Amino acid sequence: MSDKGEQTIHDVYAYLRLHDTKAAIDFYARAFGAKELFRLVEPNGKVGHAEVKIGPATLMLSDEYPEMGIRGPRSIGGTSVSIHIHASDVDRLFEQAVAAGATVVRPLQNQFYGERSGTVRDPFGHEWLLGGHIEDVTPEEMQRRYTELFSEG
């Protein structure tokens, strides 16, 4: 706690629910260079918790537990979240993810906000927005370009 009694947040982690965590760990290693930190496995083989590192970020994973309301994208029929990976060579990362088995949702293209980006869906239903910096854009210029997109018919 700080001097004012306010809560200090140290980290924020994405926690992915999966129908097959073991296969997901393998996929994330091939697609994004993930390094497994550890996993906790039940006697029946179910993964109760695992952690991987993708770049500087830790990603938490677990198998589904429908009896506790823990279900992944396949079970619920989609996802409302996209995980953004910002990379120095987004073209190479995008190709690597597709070669590992990701499906292209939106191909790579240069965006108005100064990034080259595209979206892939992993074999487990999670979406990944892959991006790389191409130019610095001020918020004002970004808004101007965004507004212009809506005026093009």
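Predicted model: local features only at pLDDT ≥ 70, side-chain atom pairs only at ≥ 80, totals over all residues.
Student: Why is Thr 21 called buried?

Tutor: A residue is called buried when its relative accessible area is under 20%. Thr 21 has a relative accessibility of 0%, and therefore it counts as buried. Its place is in helix H1.

Student: Which residues is Thr 21 in contact with, leaving aside its neighbours within four places in sequence?

Tutor: They are Val 47, Ala 50, Leu 61, Ser 62 and Asp 63. Contact here requires heavy atoms within 4.5 Å.

Student: How do you know that the length of H1 is close to what is expected?

Tutor: The expected span is 1.5 Å times one less than the number of residues. H1 comprises residues 21-32, which is 12 residues, and the expected value is 16 Å. From first C-alpha to last, H1 reaches 15 Å, and this is close to the expected value. After H1 comes Gly 33, with a positive phi near 70°.

Student: What places the buried residues of H1 on the same side?

Tutor: The buried residues are Thr 21, Ala 24, Ile 25, Phe 27, Tyr 28, Ala 31 and Phe 32. Around the axis they cover an arc of only 165°, so they lie on the same side of H1. In general, an α-helix has 3.6 residues a turn, so residues three or four places apart point the same way.

Student: What makes a group of residues a nonpolar core, and how many residues has the largest one?

Tutor: The members must be buried residues of nonpolar kinds, such as Leu or Phe, joined through side-chain atoms within 4.5 Å. The largest such core has 29 residues, and among those with the most contacts inside it are Leu 16, Phe 27, Tyr 28 and Trp 128. At least two core residues come from each of several elements, including strand S1 (14-18), H1 and helix H3 (90-100). H1 gives the most, with six residues. Leu 16 is in contact with Tyr 28 and Trp 128, among others.

Student: Why are S5 and S6 called edge strands?

Tutor: The open sheet has four strands in the order S5-S8-S7-S6, with mixed pairing. S5 and strand S6 (103-110) are its edge strands, as each pairs on one side only. On average, neighbouring strands of this sheet are turned by 15° against each other, direction ignored.

Student: How do you know that S6 and S7 pair?

Tutor: Pairing requires at least two bridges between the strands. S6 and strand S7 (residues 115-121) have five bridges, in the antiparallel sense. They therefore meet the requirement of at least two. One partner in S7 is Thr 119, which bridges to Arg 106.

Notes:
Residues numbered from 1 in each chain as written. Heavy atoms only, no water. Buried < 20%, exposed > 50% of the residue type's maximum accessible area, 1.4 Å probe, protein only. Arc of directions from axis to C-beta. Axes fitted to C-alpha atoms, helices over the stretch in contact; angles between N-to-C directions.
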